[in-house]
Amino acid sequence: MVTEIVVAGGGYTGVWAARTIARAVRTGAIDGVRVRLVSAAPDHSFHGWTAEVITGHVRPERARVPLPRLLPGVEIVRGLVSAVDAAARVVRVTTTEGERTLPYDQLVVGVGSRDATERVPGLAEHGWSLKDPEGLAALRARLAGLETGATIVIAGAGFTGVEAATAIAQRLPAARVVLAHPGTEALPMLRPRFTRIADYACEQARRAGVEFLPGARLRRVTAEGADLGEAGFLASATVVTTIGQTPVPLPGLERCLRDAAGRLVTDRYLRVASGIWAGGDVAAVPHPSGRGDCPANALWAIHHGKRIGSNVVRALRGGRPRPFAFPGLGQGASLGVGRGAAELYGVQLTGWPAWLARWFFFHWFMPSRAVAARTALEWFAGVQSHQNIQLGEPAISAPYALNSSLP
């Protein structure tokens with residue numbers, strides 16, 4: 001009798017959970033197991049290189065890896081999970097060929113999050129997203145076609161917003177780049193503990209030409225620009241959102257405990273219910289320190305997936321699950337080559353040490369070693385200039401890319 005494992009979602013949690021289980025099958029640690037991963041997209045997306053894709057230092061295709069290449073031994077089901085029947089232990093999947101029903105003995109929920117466009121009227125129709133490679137590629141094309149002196153609004157002053165605004169300003173020095181945020185200071189999640197790196201990041205953004213607009217909450221987006229509440233209306237050719245995500249709902253799990261943000265609440269083993277596990281943006285996972293929940297970012301989602309995968313394997317072998325124990329690594333941003341801002345294990349780094357640490361760890365955690373190697377080589381070989389030529393930009397040679405003011 002075959003034991004059925006279904007993984008919902010081809011993001012970080014799903015991929016790392018599936019590959020952990022599949023590796024156990026290949027090595028003979030478990031047998032009689034079939035692993036299926038359901039994903040609407042054919043590729044796994046790596047979001048780490050947002051700024052570098054904007055500036056042309058990393059090709060957009062390096063942010064995508066075909067799922068079959070990442071997951072040997074895993075059956076990839078192209079489709080969207082439409083419902084979970086926990087009583088019958090089946091997952092219903094809508095595909096281009098109709099609906100499929102997949103039985104499961106163990107279900108991994110890693111469907112992630114989506115842009116919370118419903119929070120702001122007009123955002124879905126007129127805004128631009130950094131969430132996925134397709135949206136990022138479309139934004140690159142949009143930026144390449146803007147006229148000199150165009151105004152670009154970036155809403156949200158977290159790490160992603162500051163990093164993206166700086167990259168756009170460096171790529172389009174003749175444009176006006178405005179970073180709008182509702183607070184009094186950018187990067188509030190770093191303050192006051194990591195004020196030094198927050199101030200450094202903001203200073204690098206200003207040097208690149210970014211204008212900070214505090215007290216500006218995005219209320220509405222139109223074809224003409226952004227309504228920023230008390231800060232007024234700002235005419236803009238492009239409005240980019242980094243204002244937050246909302247978990248993807250999964251019908252059939254309504255009875256499972258959720259937090260105020262709508263995330264599935266797990267125990268410290270990442271279980272939601274009997275035979276159901278969850279991690280990443282869709283889940284509220286208790287922090288190993290006992291204080292709050294795990295942050296919602298790629299590195300934590302990867303480790304969620306690893307622990308879920310190992311716990312599924314342990315369950316199939318009759319063992320007891322182990323609690324999630326990853327203590328965290330840190331966070332960082334690139335504000336240009338050699339200009340990084342990061343904290344690693346609580347130590348604040350700026351400049352080259354921060355930039356190199358981020359560069360190394362991002363390559364290390366790319367799910368495909370082959371793609372990571374090619375991406376690393378392109379930094380030094382200047383292959384990214386081909387992409388710049390396609391966008392009508394001047395080619396960036398390797399020495400210029402590494403030593404100029406461009407990131």
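Author: Glutamate 61 and arginine 59 join their side chains in a salt bridge, 3.6 Å from N to O; the term stands for a side-chain nitrogen of Lys or Arg within 4 Å of a carboxyl oxygen of Asp or Glu. Arginine 59 is buried at 14% relative accessible area, whereas glutamate 61 is partly exposed at 32%. Here buried means under 20% relative accessible area, exposed means over 50%, and partly exposed lies in between, using a 1.4 Å probe and protein chains only.

A note on the ground rules: you are looking at a predicted model, where local features need pLDDT of at least 70, side-chain atom pairs count only at pLDDT 80 or more, and totals for chains, interfaces and linings use all residues. Residues are numbered from 1 along each chain as its sequence is written, and side-chain values use heavy atoms, with hydrogens and water left out.

Searching the whole structure turns up 17 salt bridges. One of them to zoom in on is glutamate 52 with arginine 358, at 2.7 Å from N to O. This pair links distant parts of the chain, 306 residues apart: glutamate 52 sits in helix α2 (residues 50-55) and arginine 358 in helix α9 (residues 352-364). Helices (H or I, at least four residues) and strands (E, at least two) are DSSP runs numbered from the N terminus. Glutamate 52 and arginine 358 are both buried.

Glutamate 163 is buried, as is arginine 358.

Now turn to the surface, where Arg23, Arg26, Lys306 and Arg369 gather in a patch of positive charge. Patches are made of residues with over 30% relative accessible area and no salt bridge; like charges are joined within 9 Å, and nonpolar side chains (Val, Leu, Ile, Met, Phe, Trp, Tyr) within 5 Å. Lysine 306 belongs to helix α8 (residues 298-316) and is partly exposed, at 33%.

Glutamine 106, in strand β9 (residues 106-109), makes a side-chain polar contact of 2.8 Å with the side chain of tryptophan 277. Such a contact is a pair of N or O atoms within 3.5 Å; within protein, one must be able to donate a hydrogen and the other to accept it, and residues adjacent in sequence count only if both atoms are side-chain atoms. Glutamine 106 is buried, at 13% relative accessibility.

Last, the backbone. In the loop between β13 (176-180) and α7 (195-208) you will find proline 192, joined to arginine 191 by a cis peptide bond with omega of about 5 degrees. Leucine 187 lies in the loop between β13 and α7; its phi is positive, about 55 degrees, although it is not a glycine. Leucine 187 is buried, with a relative accessible area of 0%. Tyrosine 345 has a positive phi near 55 degrees and is exposed, at 65%; its place is the loop between β25 (340-344) and β26 (347-351).

Terms used:
Areas by Shrake-Rupley, 256 points an atom, 1.4 Å probe, with all protein chains shown as cover. Lys, Arg positive; Asp, Glu negative; His and termini not counted. Charge placed at Lys NZ, Arg CZ, Asp CG, Glu CD.
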